[in-house]
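What can be said about where the residues lie and what they touch?

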Amino acid sequence: RLSLDEDQLLRVQLRAIVQAAAGRTVRVLFPMVSTVEELRRATALLDVVRRDLESESGVRATVERGAMIEVPSAALVAESLVSEVDFLSLGTNDLAQYTLAADRDNARTSALADELHPAVLHLIRHTVEAAHAQGKWVSLCGELASDVLAVPVLLGLGLDQLSVSPVFVPEVKAEIRKVELSQSQLLAEAAVQLDGAAEVRAFLRDQ
């Protein structure tokens with residue numbers, strides 16, 4: 001919202017990205033999108049910057065556009081958002097916080113912001129289904145992606161990419177290799193029907 005209010009600053013940032021993308025492909029991921037209107041304003045500004053640079057200096061760049069799904073409103077209108085971009089990325093740390101009204105920086109509520117809560121899993125599934133219906137891909141970043149207990153569920157929900165810190169890559173890759181996709185889909189379907197995050201974690205540990 002600050003970037004859209006101070007659109008001259010956003011224009012400078014987008015211009016730098018497009019200049020750096022000359023002769024190559026880069027991805028621009030717009031964060032904290034909550035409405036379709038916000039995303040359209042941001043992508044329209046990107047288009048203006050690209051046209052300006054091409055006319056001024058002949059800079060041609062392939063820029064793929066994405067939207068970050070970090071608040072429930074974005075997940076619930078994912079069908080509309082994904083039609084405006086090339087891909088979606090789920091930020092599950094914030095998505096859990098805002099879905100469950102649990103501030104991650106508050107010691108009294110942080111434990112409630114569990115990304116394996118069925119409400120969060122429902123929003124993840126809805127986002128993935130909306131994107132896949134339009135032939136778009138979805139990544140997931142956040143602590144959940146590096147939680148090996150959650151990896152089978154994330155695969156079952158249809159995530160295309162998991163973004164994790166380098167230190168977690170070997171462990172997550174090893175977990176992915178062990179999992180049958182059909183079994184993951186059954187786990188995911190069962191998990192979203194449970195009552196809370198504790199039940200989901202207990203279920204996955206038992207499985």
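Leaving aside its neighbours within four places in sequence, Glu143 is in contact with Asn93 and Glu115. The model is a predicted one, and the values that follow should be read with that in mind. Glu143 is placed in the loop between strand E4 (137-141) and helix H8 (151-156), and because its relative accessibility is 55%, above the 50% limit, Glu143 counts as exposed. The chain also brings Glu143 together with a residue from another part of the sequence, for Glu143 and Thr92 are 51 residues apart along the chain, while their C-alpha atoms are separated by 7.5 Å.

Thr92 leads on to a pair of helices. Two packed helices are described by the angle between their axes and the distance between the axes. For helix H6 (residues 92-99) and helix H7 (residues 118-133), the angle is about 125° and the axes are 10 Å apart. Angles of 65 to 115 degrees count as roughly perpendicular and those over 145 as roughly antiparallel, and H6 and H7 are therefore oblique to each other. The crossing in which H6 passes H7 is right-handed. On the side of H6 the contact is made by Thr92, Leu95, Ala96 and Thr99, and on the side of H7 by Ala119, Val120, Leu123 and Ile124. Sorted by class, the residues of this contact between H6 and H7 comprise 6 nonpolar and 2 polar residues, with no charged ones.

The loop between H6 and H7 holds two residues that can be set side by side, Asp114 and Ala101. Is Asp114 buried or exposed? With a relative accessible area of 16%, which is under the limit of 20%, Asp114 is buried. Once its neighbours within four places in sequence are left aside, Asp114 is in contact with Ala96, Leu100, Val120, Ala197 and Arg201; of these residues, Ala96 belongs to the H6 side of the helix contact and Val120 to the H7 side. A polar atom of the Asp114 side chain also lies 2.9 Å from the backbone nitrogen of Leu116. Ala101, on the other hand, counts as exposed, at 69% relative accessibility, and Ala101 has a positive phi of about 50° although it is not a glycine.

A positive phi of about 50° is also found at Met32, again although the residue is not a glycine. Met32 belongs to the loop between strand E1 (25-30) and H3, and at 34% relative accessibility Met32 counts as partly exposed. Strand E1 also contains Thr25, which counts as partly exposed at a relative accessibility of 48%. Which residues does Thr25 touch, when its neighbours within four places in sequence are left aside? They are Thr62 and Glu64. The C-alpha atoms of Thr25 and Val63 are separated by 5.8 Å, although these two residues are 38 places apart along the chain.

Beyond the loop that holds Met32 comes helix H3, which covers residues 36-57 and packs against helix H2 (residues 7-20), with the axes coming within 9 Å and crossing at roughly 55°. Angles under 35 degrees count as roughly parallel and those of 65 to 115 as roughly perpendicular, and H2 and H3 are therefore oblique to each other. Their crossing is right-handed. From H2 the residues that take part are Asp7, Leu10, Arg11, Leu14, Arg15, Val18 and Gln19, and they meet Ala42, Leu45, Leu46, Val48, Val49, Arg50, Asp52, Leu53 and Glu56 in H3. By class, this contact of H2 with H3 has 9 nonpolar, 1 polar and 6 charged residues, whereas the contact of H6 with H7 has no charged residue.

Thr43 is buried, with a relative accessible area of 5%, and apart from its neighbours within four places in sequence, Thr43 is in contact with Phe30, Arg65 and Glu84. Asp47 counts as partly exposed, at 25% relative accessibility.

Methods
Residues numbered from 1 in each chain as written. Predicted model: local features only at pLDDT ≥ 70, side-chain atom pairs only at ≥ 80, totals over all residues. Heavy atoms only, no water. Axes fitted to C-alpha atoms, helices over the stretch in contact; angles between N-to-C directions. Helix = DSSP H or I, 4+ residues; strand = E, 2+ residues; numbered from the N terminus. Left-handed = near helix turned anticlockwise from the far one by under 90°. Contact = heavy atoms within 4.5 Å. Nonpolar A, V, L, I, M, F, W, Y, C, P; charged D, E, K, R; others polar. Buried < 20%, exposed > 50% of the residue type's maximum accessible area, 1.4 Å probe, protein only. Polar contact = N/O pair within 3.5 Å; in protein donor to acceptor, adjacent residues only side chain to side chain.
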